[in-house]
Amino acid sequence: MHEAIAAEWSPAALDGQKVLVVFAHPDDSDFYLGGTIARLTQAGAEVFYLCATRGDKGDASGALSGEQISAVRASEQIAAAEILGVHHVQFIGLPDGQVTYNRELIDSIVQAIRKIRPNIVIALDTNILDPAWGVNHADHRAVGLATIDAVYPYARNKNELPDLPAHEVQTLLIVNYREPNCFIDITGAPFESKKAALSAHTSQWGDCQHVIRKAEAMGMRETFIRVVW
Ligand SMILES: [Zn+2]
């Protein structure tokens, strides 16, 4: 991380502001930016989650069917979101592990942007490597890239999907560890909220202690590329 060039962003008063977070699997947002979500809701923002899949490949034991684990993971995601003060959780319902970057995915995200009309959109990291897990899951990369393209140019171009009015997002935050230009300090209460949210995902991480240690190892800064229009 190039800490010298990453400036702190401290969300202060966000009353009336809407934030849309787009991610691939139940737990992604809580792990990569749970502290940031806690700070945004604390600052008065209304946060919406849009999750591309229901995590139907997320049962390592093999004991549950895809449908069963999807239901478990959706309810875990809703519980974690409530802990962080998230206003609403929506699932696109794509199959886990098969998310591809294409116009259909971009259009699904454009539709959510135009209906919710957020001031801020947050996208997943699009890099191949990930400091927490080694390789950044292909679904994360596809959803991250599609989210960026949905924000600019598609959601703001009135000639795209003309049935819904165009919408200009003002700020895009892209999760990034390699060349962030912005970080959010999650020391203290935001990190405690993040730990509590991670602890909701028991189907993935059992007692969740190892993933909490992993989150601690990532440090008390969640880092982003911040683009402002
Ligand atoms: Zn994931």
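Author: Two strands pair if DSSP finds at least two bridges between them. The model is predicted.

Strand β3 covers residues 46-53. Eight of its eight residues are buried, so β3 is largely enclosed by the rest of the structure. A residue counts as buried if 20 or more other C-beta atoms lie within 10 Å of its own.

Now the partners. On strand β2, take residues 18-23. Six bridges join β2 to β3, and the two run parallel. Leu 20 stands opposite Phe 48 in β3. Helix α1, residues 28-42, belongs here too. Together β2, α1 and β3 make a right-handed β-α-β unit.

Next comes strand β4, residues 88-94. Five bridges join β3 to β4. This pair also runs parallel. Cys 51 stands opposite Phe 91 in β4. From β3 the chain crosses through helix α2, residues 66-84, to β4. This β-α-β crossover is right-handed.

Last, the setting. The chain has seven helices and ten strands. Buried residues make up 45% of its 229 residues. Take contacts between residues at least 6 apart in sequence: 81% of them join residues at least 24 apart. The C-alpha trace spans about 45 × 40 × 30 Å along its principal axes. A compact globule of 229 residues would have a radius of gyration near 17 Å; the chain has 16 Å, which agrees.

Technical notes
Residues numbered from 1 in each chain as written. Predicted model: local features only at pLDDT ≥ 70, side-chain atom pairs only at ≥ 80, totals over all residues. Helix = DSSP H or I, 4+ residues; strand = E, 2+ residues; numbered from the N terminus. Rg over C-alpha atoms; globule rule 2.2 N^0.38 Å. Buried ≥ 20, exposed ≤ 12 C-beta atoms within 10 Å, placed from the backbone. Contact = placed C-beta atoms within 7 Å. Right-handed = clockwise from strand over helix to strand, strands pointing away.
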